[in-house]
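This report describes selected local features of one protein chain.

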Amino acid sequence: MTGNIVARRYAKALFAVAQEQSGKDAPAQYGEDLSRLADLLENAPDLMKIFRNPVFTVEEKRGVILKVLEKAALSPMIRNFCLLLADKDRLAFLPEISAAYGALLDVEQGVLRGKLVTAVKLSEAVQKSVVDKLAKESGRKIVLDYEVDQDIIGGLMLKIGDRVLDASIRAQLQILKENIKRGE
């Protein structure tokens, strides 16, 4: 829980700095850079172990992140941000900071993110149709992740934010089972 608070605070601070930049695309660019860096760190779990390990000094962690930043070729602001995180011994929070920053960016850009779960893989045309209908209904841009789960038998499950629409056959069968148990 504490990590989430720390991540949100750093993400908000970086987002505020990005909004003050003269370029309109600075928040998006910083978000892209943070996302690339977080992906890089998640694909190298040994680096995250170093950042979490109290045995390594702040200077050693700073040296490691400098090497990573050389390879990643990120914007100077993100480089300085990472060095600040190193100085404050907060590098282990980079993936969470990236996620929190992405959420702030989505709110600013009017983007809703969600997940669509179906029993079979949907064609590109059907995926586009679903996104278009949801965008029309909500008046916002929709970005969906698609997942196939044969356990739902048929239908779909749509999760957007904290809302869930479960129109799966599995859910309908579960409701029917509960009604039969109650004698309805």
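## Basis and terms

Contact means that heavy atoms lie within 4.5 Å. Helices (H or I, at least four residues) and strands (E, at least two) are DSSP runs, numbered from the N terminus. Buried stands for under 20% relative accessible area, exposed for over 50%, and partly exposed for values in between (1.4 Å probe, protein chains only).

The model is predicted: local features need pLDDT of at least 70, side-chain atom pairs count only at pLDDT 80 or more, and totals for chains, interfaces and linings use all residues. Residues are numbered from 1 along each chain as its sequence is written, and side-chain values use heavy atoms, with hydrogens and water left out.

## Helix H3 and its cover

Helix H3 spans residues 45-52, and its buried residues are Leu47, Met48 and Phe51. They cover an arc of only 100° around the axis, which puts them on the same side of H3; the arc is taken from the directions from the helix axis to the C-beta atoms. The cover over these buried residues includes helix H2 (26-42), helix H4 (58-72) and helix H6 (94-109).

Asp46 and Lys49 are exposed and sit on the face of H3 turned away from its buried side. Asp46 is 76 residues from Leu122 in sequence and 37 Å from Leu122 in space, C-alpha to C-alpha. Leu122 belongs to the loop between strand S1 (111-118) and helix H7 (124-138). Not counting residues up to four places away in sequence, Leu122 touches Leu116 and Gln127.

## Lys61

Lys61 is a residue of helix H4 and is buried, at 3% relative accessible area. Leaving out residues up to four places away in sequence, Lys61 touches Ile50, Phe51, Asn53, Phe56, Asp89 and Leu91. Phe51 is also one of the buried residues of H3. The Lys61 side chain reaches the backbone oxygen of Asn53 at 3.2 Å.

Lys61 also forms a salt bridge with Asp89, with the closest N and O atoms 2.8 Å apart. This pair links distant parts of the chain, 28 residues apart: Lys61 is in helix H4, and Asp89 is in the loop between H5 and H6. Asp89 is partly exposed, at 36% relative accessibility.

## Other salt bridges

A salt bridge is counted when a side-chain nitrogen of Lys or Arg is within 4 Å of a carboxyl oxygen of Asp or Glu. By this rule there are six salt bridges.

One of them joins Lys115 and Glu147 (3.2 Å, N to O). Lys115 lies in strand S1 and Glu147 in strand S2, so the pair ties together parts 32 residues apart in sequence. Both are partly exposed, Lys115 at 27% and Glu147 at 33%.

Another joins Arg36 and Asp33, whose closest N and O atoms are 3.8 Å apart. The two are three residues apart in helix H2, which means that about one helical turn separates them. Arg36 is partly exposed at 37%, whereas Asp33 is buried at 2%.

## Positive phi and a surface patch

Ala73 is not a glycine but has a positive phi of about 55°. Ala73 lies in the loop between H4 and helix H5 (76-87) and is exposed, at 60% relative accessible area. Ile153, also not a glycine, has a positive phi of about 70°. Ile153 is placed in the loop between strand S2 (141-148) and strand S3 (155-160).

Ile153, Ile169, Leu173, Leu176 and Ile180 make a nonpolar surface patch of about 480 Å². Patches are made of residues with over 30% relative accessible area and no salt bridge; like charges are joined within 9 Å, and nonpolar side chains (Val, Leu, Ile, Met, Phe, Trp, Tyr) within 5 Å. Accessible areas come from the Shrake-Rupley method with a 1.4 Å probe, and for residues only the protein chains shown count as cover. Leu176 is in helix H8 (residues 169-182) and is partly exposed at 46%.

Definitions and conventions: Polar contact = N/O pair within 3.5 Å; in protein donor to acceptor, adjacent residues only side chain to side chain.
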